[in-house]
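Okay, thanks for coming, everyone. Let me put it up on the screen.

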Amino acid sequence: MKFIVDNEVIKGHDKYLSIMHMISNPRVDVSTDQDFQRAYSGYYFPAQVKQSFKDFYFEYMQECRRTKPSFTEILQHIYDHTGDVHYSFASKLLHTLAPNSPVLDRHVMRVLGFQLMDGKQISSGDPNYKRKKDADAAKRIAYYSSVLDTVVAEYSKYENEPFMQEAIARFDKLSPIYKIIPYTKKVDMLLFRLRNERGVSVLDYLYELQ
């Protein structure tokens with residue numbers, strides 16, 4: 001298995017660099033800064049995300065700059081507000097504030113060999129709907145928290161392996177500006193490039209090296 005390192009890997013990632021530049025400035029209030037919100041929405045949010053969710057999300061992100069919550073706490077807070085376990089949006093929020101934390105999305109999850117835990121659908125007409133929904137959410141929050149911990153450990157374990165160093169070196173050669181992107185994000189971008197490569201499971205490959 002080899003990573004695909006071409007211009008497709010970095011396509012559209014100028015917005016990412018803009019996002020990280022703005023978030024590093026303590027004078028930028030992300031709950032109100034329209035330039036930040038436009039860049040972030042264009043990079044991370046699909047078109048169908050409602051403005052009401054964005055308003056909540058950016059306000060919470062600004063709060064998180066001060067409180068520095070864990071991934072589990074972010075998942076729980078977003079669930080408490082929306083009633084959904086938004087593992088991908090939560091991981092993107094955390095990564096923006098802590099760039100060494102990986103981003104999880106359905107493509108990266110598949111390439112890494114993880115299954116999405118959708119949870120059992122519960123009818124809102126069920127008298128125990130709220131209790132069952134909260135119990136299901138607790139399981140999903142615990143699962144995705146475990147996934148993130150595993151991914152962090154795997155990224156760290158293989159950072160100095162020749163196959164990873166070779167891929168990162170090829171990545172850095174695409175453009176000098178991309179050398180400033182954190183290692184974790186580079187791996188995310190390389191994995192996302194494999195999203196259409198069916199049958200690829202990076203963790204299966206990594207385990208073969210042990």
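This is a predicted model: local features need pLDDT of at least 70, side-chain atom pairs count only at pLDDT 80 or more; totals for chains, interfaces and linings use all residues.

A search over the whole structure turns up 23 aromatic pairs. Take Phe53 and Phe56: their ring centres are 6.0 Å apart and the planes sit at 55 degrees, so we call that pair tilted. They're 3 residues apart in helix α3, which puts about one helical turn between them. Both Phe53 and Phe56 are buried.

Phe53 has another partner, Tyr57, and that pair is tilted as well, with 5.6 Å from centre to centre and 35 degrees between the planes. Here the spacing is 4 residues, again within α3 and again about one turn of the helix. For those who like numbers, Phe53 has a relative accessible area of 11%, and Tyr57 is at 1%, so with the cut-off for buried at under 20%, both qualify. The general point is that an α-helix has 3.6 residues a turn, so residues three or four places apart point the same way.

Okay, zooming out. The accessible surface is about 11400 Å², and carbon and sulfur atoms account for 50% of that. And if you take contacts between residues at least 6 apart in sequence, 68% of them join residues at least 24 apart.

Now the charged side. The whole structure has 5 salt bridges, and I'll show you some of them. Arg193 pairs with Asp6, with the closest N and O atoms 2.8 Å apart. Arg193 lies in α9 and Asp6 in the segment before α1, so this bridge ties together parts that are 187 residues apart in sequence. Asp6 itself is partly exposed, at 25% relative accessible area.

Next, Lys186 and Asp172, where the closest N and O atoms are 2.6 Å apart. Lys186 is in α9 and Asp172 is in α8, so here the pair ties together parts 14 residues apart in sequence. Is this one buried or exposed? Lys186 is buried, at 5% relative accessibility, and Asp172 is buried too, at 16%.

Then there's Glu166 with Arg170, a salt bridge at 3.6 Å, N to O. This one stays inside helix α8, residues 162–173, where the two are 4 residues apart, or about one helical turn. Glu166 is partly exposed at 33%, and Arg170 is partly exposed at 28%.

That's my tour, so let's go to your questions.

Key: Residues are numbered from 1 along each chain as its sequence is written. Side-chain values use heavy atoms; hydrogens and water are left out. A salt bridge is a side-chain nitrogen of Lys or Arg within 4 Å of a carboxyl oxygen of Asp or Glu. Buried means under 20% relative accessible area, exposed over 50%, partly exposed in between (1.4 Å probe, protein chains only). Contact means heavy atoms within 4.5 Å. Accessible areas come from the Shrake-Rupley method with a 1.4 Å probe; for residues, only the protein chains shown count as cover. Rings of Phe, Tyr and Trp (its six-membered ring) pair if their centres lie within 6.5 Å; planes under 30 degrees apart count as stacked, over 60 as edge-to-face and the rest as tilted.
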